[in-house]
Amino acid sequence: MVRSSIAMLVVLLAVSIGRGTPSLAADEDETVFQQNCQLCHTAERVQMKHLTRAEWQQIIDKMVGLGCPIRTSKKKQQAVLDYLARTQGPVASAAVASAPATVPVSSAPAYTGPAAKAYVVNEESQDVWAIDVATHKVLAKVKVGKFPHGITPSPDGKVVYVTNMGSNTITVINTQTYATMTMGGTGLNPHACAVTPNGRYLYVSNPSSNDVTVHDMQTHQGVATVAVGKFPHDVEIGPDGKRVYVTNMDGSDISVIDTATNSLVETIPTAAGPHKVAVSPDGTLLYVVNADANRLSIIDAEHGHELKSVVVGTDPEDVVVAPGGAVVWVANAGSQNVEALDAKTGAVVGTVLVAGGPHGLALTPDGKELWVVAIDANAVVIVDTAQRKAMATMPVGQRPHLVVITP
């Protein structure tokens with residue numbers, strides 16, 4: 001799964017999947033599907049799902065709530081449901097259903113680094129769980145907006161920002177009291193967000209309006225909108241705060257925004273389907289996972305060109321850089337693993353089995369633990385980065401998407 005809930009919700013209805021010679025009715029159903037459900041991308045995302053008719057109905061209901069074109073016609077909704085139930089039923093889904101059982105689980109050594117909290121955003125339960133990293137105790141479950149997707153902490157760790165894809169809002173969570181406030185001013189279906197190092201401005205990607213909105217965190221108001229590429233997904237900011245990097249999944253490129261002027265200053269080509277981007281600690285390199293090409297692109301941030309293109313597992317969803325910048329971790333949802341790669345050469349130095357659809361990644365401040373969201377298992381798997389093996393798992397909310405960790 002790659003795009004996010006339009007990636008989970010709309011994404012599942014992206015394109016048609018031909019399976020033999022259909023009947024006339026089947027042809028008509030497929031045509032409706034093709035003509036009305038093209039908000040996202042490739043057939044592979046649909047093929048990853050094998051759901052019952054009732055489960056597809058739930059997905060369609062969510063799509064309709066998000067504004068899918070079929071919302072105006074019950075007949076079209078029925079046609080899409082018939083098509084998906086016929087072509088993507090629960091046949092051969094046993095491997096997916098049993099995947100969580102294959103996650104290695106044992107008692108993990110207690111985290112001994114600086115006090116830290118993890119925040120997991122759960123799309124289906126529409127909440128954020130705050131978890132003590134050392135004890136794994138759930139500290140709070142905070143309700144947010146409709147279909148939350150992205151999450152990022154302020155530099156001082158006093159608040160976290162959550163983008164609500166279904167309600168076009170941002171929830172601001174106080175990390176001490178867990179009180180919330182809601183901000184508007186985003187574009188359509190806000191996905192990811194990142195805050196400048198000084199904490200002043202929040203940048204939000206909006207894939208359904210192909211732009212990035214800029215929000216002043218002192219006034220909690222939108223101050224700018226920047227047009228970017230097609231289906232902007234992830235947003236990251238360089239350590240000096242001067243550049244914003246936006247992955248455009250359907251444009252297969254990276255938009256670069258100058259924070260001084262909030263203008264688009266460069267477009268960097270990359271492999272197909274750039275999903276997430278991480279910036280090296282010194283700001284000189286970008287690491288981009290390309291979900292549609294199963295590759296990691298290592299890009300010279302200053303000169304805007306690709307240095308290396310590395311084959312990784314299937315459906316790479318997230319990428320993080322270890323403290324010090326020597327190792328890069330990639331989550332491969334399709335391969336059911338996470339990979340550790342040498343940050344300079346791209347060589348794989350370790351692979352860890354994480355079943356249940358490894359998705360979002362976050363490292364503890366000391367870099368000793370990698371927290372992996374297992375989106376299909378409704379769990380977080382904790383990986384020992386030195387031993388490179390899964391040490392523990394814990395349940396979280398429904399359809400977790402991302403996790404961030406703050407001191």
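What follows is a conversation about a predicted model of a protein chain.

Visitor: What does the secondary structure of the protein chain come to?
Guide: In this predicted model, the protein chain comes to five helices and 28 strands.

Visitor: And how much of the protein chain is buried?
Guide: Of the 407 residues in the protein chain, 58% are buried. The chain exposes about 15,300 Å², and carbon and sulfur atoms supply 52% of that area.

Visitor: What share of the contacts join residues at least 24 apart?
Guide: Among contacts between residues at least 6 apart in sequence, 48% join residues at least 24 apart.

Visitor: Let's get to the strands. In what order do β24, β25, β26 and β27 sit?
Guide: The four strands form an open sheet in the order β24-β25-β26-β27, with antiparallel pairing. Strands β24 (358-363) and β27 (389-395) stand at the edges with a single partner strand each, so one side of each has no neighbour in the sheet. From one strand to the next, the twist averages 25 degrees.

Visitor: How many bridges join β24 to β25?
Guide: Four bridges join β24 to β25 (residues 369-374), and the two strands run antiparallel. Within this pair, leucine 363 stands opposite leucine 370 in β25.

Visitor: What about β20 to β23, which strands are at the edge there?
Guide: Those strands form an open sheet of four in the order β20-β21-β22-β23, again with antiparallel pairing. The edge strands are β20 (316-321) and β23 (348-353), each of which pairs on one side only. The twist in this sheet averages 20 degrees from one strand to the next.

Visitor: And which residue is the bridge partner of tryptophan 329?
Guide: The bridge partner of tryptophan 329 is alanine 340 in β22. The strands concerned are β21 (residues 327-332) and β22 (residues 337-342), which pair in the antiparallel sense over six bridges.

Visitor: Moving on to β18, why call it largely enclosed?
Guide: Five of the six residues of β18 (residues 295-300) are buried, so the strand is largely enclosed by the rest of the structure. Strand β18 pairs with β17 (residues 285-290) in the antiparallel sense over six bridges, and it is also joined by six bridges to β19 (residues 305-311), again antiparallel.

Visitor: What do the hairpin turns look like, and where is phi positive?
Guide: The hairpin of β17 and β18 has four residues between the strands, and asparagine 294 in the turn has a positive phi of about 55 degrees. The hairpin of β18 and β19 has four residues between its strands as well, and there glycine 304 takes a positive phi near 70 degrees.

Visitor: What does its side chain make a polar contact with?
Guide: The side chain of histidine 215 makes a polar contact with the side chain of threonine 213, at 3.0 Å. Leaving aside residues up to four places away in sequence, histidine 215 touches a set of residues including Ile170, Met183, Arg200, Tyr201 and Gln221.

Visitor: Last one, which residues of α4 are buried?
Guide: The buried residues of α4 are Gln77, Ala79, Val80, Leu81, Tyr83, Leu84 and Thr87. This helix (residues 74-87) has 14 residues and reaches 20 Å from its first C-alpha to its last, close to the 20 Å expected at 1.5 Å a residue.

Definitions and conventions
Residues are numbered from 1 along each chain as its sequence is written. This is a predicted model: local features need pLDDT of at least 70, side-chain atom pairs count only at pLDDT 80 or more; totals for chains, interfaces and linings use all residues. Side-chain values use heavy atoms; hydrogens and water are left out. Two strands pair if DSSP finds at least two bridges between them. Axes are lines fitted to C-alpha atoms, for helices over the stretch in contact, and angles run from 0 to 180 degrees between N-to-C directions. Buried means under 20% relative accessible area, exposed over 50%, partly exposed in between (1.4 Å probe, protein chains only). Contact means heavy atoms within 4.5 Å. Accessible areas come from the Shrake-Rupley method with a 1.4 Å probe; for residues, only the protein chains shown count as cover. A polar contact is a pair of N or O atoms within 3.5 Å; within protein, one must be able to donate a hydrogen and the other to accept it, and residues adjacent in sequence count only if both atoms are side-chain atoms. The expected span of a helix is 1.5 Å times one less than its number of residues.
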